[in-house]
Structures are given as structure tokens and as C-alpha cells.
Amino acid sequence: MMERVLSNKWMATVASMWIQCSCGVYTFSVYSSVLKSSQGYDQSTLETMAVFRDIGSIGGVLAGLLYSAVTNGSNHSGFGGPWAVLLAGATQNFLGYFLTWASVVGLIKRPPVPLMCLFMYLSSQSMPFYNTANTVSGVQNFPDYSGTIVGIMKGFSGISGAILIRAYNTFYEGEPSKFLLMLALLPTLISVVLMLLVKIYRTNTGDDKKHLNGFFAVALIIAGYLMIIIILENIFTLPLWSHTVIFILLLLLLASPLGIAIRAQNEDSKRVPETLSFDSNPLRGHPELLRSSSDSSVPEDMAYHELPSVALDDKILFDEEGMNLLQAMCTVNFWLLFIAVICGMGSTMAVINNWSQMGQSLNYTSVEVNNLVSLWSIWDCLGGVGAGYLSDYLLHTKGWARPLLMAITLATMIIGLIVIVSGFPRILYVGSILIGICDGSLWSLIPTITSDIFGVRHMGTIFCAITLASPVGFYIFSVKLIGYIYDKEAGGDDHSCFGTRCFTLSLLIMAFLALLGFLLAIALFIRTKRFYSLRRLKDSVKWSK
């Protein structure tokens with residue numbers, strides 16, 4: 001009985017959600033000030049630390065390769081399965097954050113800059129391992145709703161920063177070194193406890209969408225709850241006991257997906273397993289969509305299961321195996337996506353890692369800066385779950401290709417960067433909304449676009465290779481652009497800068513590069529539009545009992 005309750009794709013999804021919401025992304029700004037002061041860094045050196053952190057958090061080709069190796073085949077027990085990837089991530093998380101904490105509090109001798117960069121890299125290298133194991137297994141468990149499940153995973157990952165900051169404010173407010181220790185222990189413990197529940201179940205059950213929408217709603221409720229609390233804290237001075245009550249209610253909300261999973265599994269157990277019907281050809285009447293680049297065509301009366309792999313304009317393979325990394329890198333679409341990620345994610349990462357310095361330059365208090373980081377996590381969550389759900393809805397109902405939503409996201413990012421430049425009072429709160437939503441949206445859309453275009457088997461490896469573009473963009477934007485201009489404008493022994501002049505030129509240049517990313521996303525949309533039309537027709541095959 002217990003095995004039936006725990007061993008199903010719904011419990012695997014809940015375990016993945018809990019791991020994702022414990023990982024604490026976008027929290028560098030909380031402890032960057034104590035890292036800078038305790039180690040005697042200037043702004044450029046701190047930016048270098050942030051670059052290595054982001055290289056680790058995004059550059060996860062090894063995570064993708066490990067996932068492909070341990071999940072190859074139908075048997076995911078023993079020494080194989082997503083749990084091995086999660087264990088590797090948990091180990092790196094503990095080592096990186098624990099050694100960073102030990103350096104800050106003086107437990108070990110102050111490390112040289114290259115060694116501290118290694119600590120930063122290790123601490124964040126856990127993220128691609130968590131993301132790969134949880135997101136790719138989710139896509140394999142729910143292939144018909146890949147956008148929705150990726151959005152849910154991204155949403156809980158995005159909101160993890162706000163959740164851990166809430167725990168920090170409840171127990172250790174004003175002690176950022178203890179926040180580092182919490183980052184070392186909490187995600188590691190949760191991952192080790194839950195990792196064996198994350199498995200791949202190649203089954204088709206009932207109304208997956210209804211229960212996935214339940215997870216989607218939970219993410220929105222938690223995001224709304226945290227946002228209301230932050231607003232109240234900015235208006236009123238809440239008593240100390242209320243922080244504990246608020247945190248307990250948050251834990252109850254985080255536990256609620258368990259009820260959805262149990263209900264979904266009970267419904268699924270009452271159903272007869274469903275099979276795919278090939279009685280009709282959904283492509284009949286659409287022969288124009290089946291022409292390859294050589295103008296050959298697929299017979300209109302060919303049964304669906306007899307369709308060969310269809311090569312479209314740039315060798316997009318329409319089969320379940322898809323491409324491996326080397327094959328993907330030989331396509332134009334890979335590089336369009338890669339460069340667009342440099343322009344998009346590179347900009348968002350540069351902004352979030354400089355929230356603390358931006359806030360200080362505009363005379364924000366440390367509490368307000370922490371609130372900005374929490375709000376970023378909330379809007380990042382909403383952008384992730386919203387874009388994932390919306391991309392599935394628009395693809396299945398309107399036939400909209402996902403790269404179009406990516407282009408819309410990059411256009412919104414341009415607006416957000418220009419809004420921050422305007423310098424109006426408290427404008428960073430508005431900027432956190434726009435840029436946070438865009439960041440979450442990109443992190444939700446790109447893995448889904450990757451699985452759509454290149455196939456799901458090597459999705460983890462290809463996605464992690466594409467996201468290597470983000471630390472490339474971040475290094476260019478943050479160190480060579482923001483850090484250089486900030487230090488040039490700064491004065492005094494503390495290397496501080498005050499006023500809008502510290503970041504205006506940097507943000508305008510980043511807005512221009514986001515425009516380039518928008519144009520590349522439009523090009524990708526045009527190139528894949530016919531493929532998505534064919535994909536929509538494939539998805540119209542009905543499941544019948």
C-alpha cells in the first residue's frame with residue numbers, strides 16, 4: 001500500500017517541487033555585502049565571484065550528460081535514475097556553501113580569490129543538477145504538457161529565494177553569515193531525503209491537466225501570499241510572534257501539493273490504462289505541412305504510426321529520439337537560441353546580482369533590498385508558471401510557436417530595463433516586476449523549446465549547453481560592463497557609488513542587446529513555425545480507452 005502511494009509520477013512531481021523550492025536561487029544579494037566586507041573585495045572582484053556563481057548555476061552540461069547516462073534504458077532502479085543526479089547536486093551544494101560560510105566567519109583562513117571563486121562555483125553548480133533531474137523527469141512523465149510541468153518546476157525554483165529569505169527573516173534576520181549556513185544545510189537535507197522518490201514513469205493516465213493545474217494554482221497562491229506579506233511588512237511593523245505564524249502558514253501551503261498528488265493517484269488507480277489510438281490520420285488534409293527541405297512530400301493517406309522522421313527546413317527531426325548535442329549544434333536554430341539567451345538571460349542575471357548595489361546607490365535600506373530580492377523571486381515564479389501554462393495553451397488551441405512568446409518576453413525586458421533607467425522614486429520595485437517575470441518566462445520557455453525542437457532524450461544535455469550562454473552574457477554585462485562603469489564612477493575607500501549615474505549607461509547598453517535577442521527570437525519563430533504546426537497536428541491524436 002505504502003509503495004503504491006509513494007511510487008507514482010504524482011509523488012515524484014511533489015518531491016521535485018519540494019526540492020526545487022528549497023534550492024534558494026537569486027539570494028546572492030542577501031549575503032554579497034558580508035562577503036564583500038569580510039574578504040575586503042572591491043565591486044569588480046565581487047562581480048567576478050558572481051560570475052563564477054552563475055557559471056555554476058547555469059553551466060550544467062555535466063548534469064545533462066550524467067542524467068542521460070543514468071536514465072538510459074527502461075530500468076531506473078539500482079545505481080541509475082534521477083536520484084543520482086540529485087545526490088551529485090546536493091553534495092556540491094553543501095561543499096560550496098559550507099566552505100563559503102567558513103571563510104566569512106573566519107573558521108578557515110581567508111582564501112585567495114581563485115579559491116573563493118571555486119567555492120562560489122560549487123555552491124551554485126548544484127542548481128543545474130536539481131533542475132535537470134526534476135525538469136527533464138517531469139517532461140518525461142508528462143510529455144503532453146511539457147510547458148506546464150516545466151513552468152511549475154521553474155516557478156517553485158524561482159520562488160525558493162523568497163521562501164528561504166522568509167525563513168531567514170524569521171530566525172536569523174540581520175545575520176547574513178547564518179543565511180549562508182542555512183543554504184549549506186537545508187537544500188542538501190531536503191534533496192537527500194526526497195531524491196529516491198523522483199523517478200520516471202512512462203504511463204498515460206487520466207486527466208493529467210486537471211491535477212497539473214492544481215499544482216499551478218498552489219504556486220500562484222504561495223507567490224500571492226508572500227507578496228501580500230512583503231507589502232504588509234513595508235506598511236506596518238509586525239510583532240515578532242507574527243513572523244513565526246506567517247512561516248508556519250507558508251509551510252502548510254507548501255505541504256498542500258501532497259493532497260493533490262494523493263487524490264490524482266487515487267483517481268488514476270481506478271482507471272483502465274489508456275492506449276493510443278491510430279485509427280485516424282490527423283495529418284489528412286494538410287499535405288503542405290509534410291514537405292521536407294527537398295520539396296518531397298509524405299503521402300496524405302499514410303497512417304500516423306508509419307510516418308518517417310520528417311526533416312524540416314534545418315534538419316529538425318520529428319521523432320521521439322530527436323538529436324544529440326553534436327547534431328543540435330550543427331543547426332542554425334541552436335545558435336539562434338544560444339545567442340538570444342546571451343542577450344536575454346545574461347541581462348536578467350546581471351540585474352539580479354546587482355540589486356544590492358543598485359539599491360544602495362539609490363539609498364534603499366538593507367530590508368528594502370531583501371524585499372526586492374523576495375519580490376524578484378515571486379515575480380520570477382509567476383513568470384515561470386505563467387509562461388509554461390500559456391505556451392501549452394496557445395500551442396494546443398491557437399498553434400502559436402513557443403519562440404513567439406520568447407520574443408514577447410525579450411521585448412518586455414527592454415521596457416523593464418528602460419523603466420529602471422528612468423530613476424523615479426522606488427522604481428526598482430517596478431523593475432523587479434518586469435525583469436523578474438521575464439527571467440522566469442525565459443527559464444520556462446527555453447527548456448520547453450529545446451525539447452520541442454531537438455527531442456526529449458538528450459534534452460538535459462542540450463538545454464544545459466544552451467544555457468551556458470547565460471554566464472557568458474552575464475560575464476560581459478556584469479564584469480566588463482556594469483562592474484567597470486560602477487568602479488569608474490565610485491569613490492572613496494569603500495568603492496561605493498551613489499546616484500543613477502552608477503548604472504544608467506550599463507542598463508541602456510543591455511536594453512539594446514535585448515533588442516538583438518528579440519530579433520533573433522523572431523527569426524527562430526519564423527524558422528520553426530511550420531514545425532510547430534505539424535507538432536500541433538500530431539498532438540491532436542486522441543487518447544481513447
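How many residues does helix α7 have, and how far does α7 reach from its first C-alpha to its last? Helix α7 covers residues 113-141, which makes 29 residues, and its end-to-end reach is 43 Å. That's close to the 42 Å expected at 1.5 Å a residue. Keep in mind as you look around that this is a predicted model.

So much for length; what about cover? Helix α7 is mostly covered, with 23 of its 29 residues buried.

Now for the aromatic rings. The structure holds 17 aromatic pairs. A pair like this is described by the distance of the ring centres and the angle of the planes. Here are two of the pairs:

| Pair | Distance of centres | Angle of planes | Kind |
|---|---|---|---|
| W10 and F215 | 6.1 Å | 50° | tilted |
| F171 and Y172 | 6.4 Å | 55° | tilted |

Where do W10 and F215 lie? W10 sits in helix α2 (residues 9-20), while F215 belongs to helix α10 (residues 208-235), so this pair ties together parts that are 205 residues apart in sequence. Both W10 and F215 are buried.

Over at the other pair, are F171 and Y172 buried or partly exposed? F171 is partly exposed, at a relative accessible area of 49%. Y172 is partly exposed too, and its relative accessible area is 31%.

How values were computed. Residues numbered from 1 in each chain as written. Predicted model: local features only at pLDDT ≥ 70, side-chain atom pairs only at ≥ 80, totals over all residues. Heavy atoms only, no water. Helix = DSSP H or I, 4+ residues; strand = E, 2+ residues; numbered from the N terminus. Expected span 1.5 Å × (residues − 1). Buried < 20%, exposed > 50% of the residue type's maximum accessible area, 1.4 Å probe, protein only. Phe/Tyr/Trp six-rings, centres within 6.5 Å; stacked < 30°, edge-to-face > 60°.
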